[in-house]
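Trainee: I should like to learn how to read a structural model feature by feature. Where should we begin?

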Amino acid sequence: MKVTCPHCQEKMSPKDIKSINKNSIYVEKQCPSCDGWFSLNKRLTKIKTLGMTLLLITSLLNIFGIKSEYSIVFSSIGLVGVLVALLITFIGKNEKVDKPSQ
Ligand SMILES: [Zn+2]
């Protein structure tokens, strides 16, 4: 799959990418022709993180038995979070490069 740089519109194949920064929550890649950094699927990563956070919170609430009369509700919300995360992961493989936000 060819990747298009959002800065210089140069097309590159993933093996041409100079370096990858995995330190941030988004995986950032450096363009070989203009040295600009860009990341794929930034918007989707946000939604995915939200889904996983939702699952984490509801799981914790269930584990510690907080408001246990609502545990079915928490479990349902957590399930939705997982489904969203899975869906986003699947969609993310087909998403185009986001335009730089700055
Ligand atoms: Zn570029």
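Mentor: A residue is called buried under 20% relative accessible area, exposed over 50%, and partly exposed in between. Thr-89, with a relative accessible area of 34%, is therefore partly exposed. This residue belongs to helix 2. Please keep in mind throughout that the model is predicted.

Trainee: How many helices and strands does the protein chain have, and in what order do they run?

Mentor: The protein chain contains two helices and five strands. Read from the N terminus, the order is β-β-β-β-β-α-α. Of the 102 residues in the chain, 25% are buried.

Trainee: What pLDDT does the protein chain average?

Mentor: The general idea comes first: where pLDDT is low, the predicted coordinates should not be read in detail. In this case the chain averages a pLDDT of 78, and 80% of the residues score at least 70. Among the elements, strand 2 has the highest mean pLDDT, at 88, whereas helix 2 (residues 71–92) has the lowest, at 78.

Trainee: Let us turn to the metal. Which protein atoms are the donors of the zinc ion?

Mentor: The donors are the SG atoms of Cys-5, Cys-8, Cys-31 and Cys-34, which lie 2.3 Å from the zinc ion. Along the chain, these donors follow the spacing C-x2-C-x22-C-x2-C.

Trainee: Why can Cys-5 and Cys-34 be said to tie together parts that are apart in sequence?

Mentor: Cys-5 sits in the loop between strand 1 (3–4) and strand 2 (11–12), while Cys-34 sits in the loop between strand 4 (28–30) and strand 5 (37–39), so this pair ties together parts that are 29 residues apart in sequence. Cys-34, by contrast, is partly exposed at 33%.

Trainee: With several cysteines in view, how many disulfides does a search of the whole structure find?

Mentor: In general, a disulfide is a covalent bond between the sulfur atoms of two cysteines. The search of the whole structure finds zero disulfides.

Trainee: Next, the backbone. Which residues have a positive phi although they are not glycines?

Mentor: Two cases may be discussed. Gln-9 has a positive phi of about 60°; this residue is in the loop between strand 1 and strand 2 and is partly exposed, at 46% relative accessible area. Asp-35 also has a positive phi of about 60°. Asp-35 lies in the loop between strand 4 and strand 5 and counts as partly exposed at 40%.

Trainee: Which side chain has a polar atom 3.2 Å from the backbone oxygen of Asp-35?

Mentor: That side chain belongs to Gln-30, one of whose polar atoms is 3.2 Å from the backbone oxygen of Asp-35. Gln-30 is placed in strand 4. Is Gln-30 buried or exposed? With 14% relative accessibility, Gln-30 counts as buried. Setting aside residues up to four places away in sequence, Gln-30 touches Ile-17, Lys-18, Ser-19, Asp-35, Gly-36, Trp-37 and Phe-38.

Trainee: And the helices: which residues does Asn-62 contact, leaving aside its neighbours within four places in sequence?

Mentor: Asn-62, found in helix 1 (residues 42–63), is in contact with Ser-71, Phe-74 and Ser-75. At 30% relative accessibility, Asn-62 counts as partly exposed. The C-alpha atoms of Asn-62 and Val-73 are separated by 10.0 Å, and these two residues are eleven residues apart along the chain.

Trainee: How far apart are Thr-89 and Lys-48, in sequence and in space?

Mentor: Thr-89 and Lys-48 are 41 residues apart in sequence and 7.5 Å apart in space, taken from C-alpha to C-alpha. For the chain as a whole, 42% of the contacts between residues at least 6 apart in sequence join residues at least 24 apart.

Technical notes:
Residues are numbered from 1 along each chain as its sequence is written. Side-chain values use heavy atoms; hydrogens and water are left out. Donors are N, O and S atoms within 2.8 Å of the metal (3.2 Å for Na, K and Ca); water is not among the atoms, so sites may look incomplete. Buried means under 20% relative accessible area, exposed over 50%, partly exposed in between (1.4 Å probe, protein chains only). A disulfide is a pair of cysteine sulfur atoms within 2.5 Å. A polar contact is a pair of N or O atoms within 3.5 Å; within protein, one must be able to donate a hydrogen and the other to accept it, and residues adjacent in sequence count only if both atoms are side-chain atoms. Contact means heavy atoms within 4.5 Å. pLDDT is the predictor's confidence in each residue, from 0 to 100.
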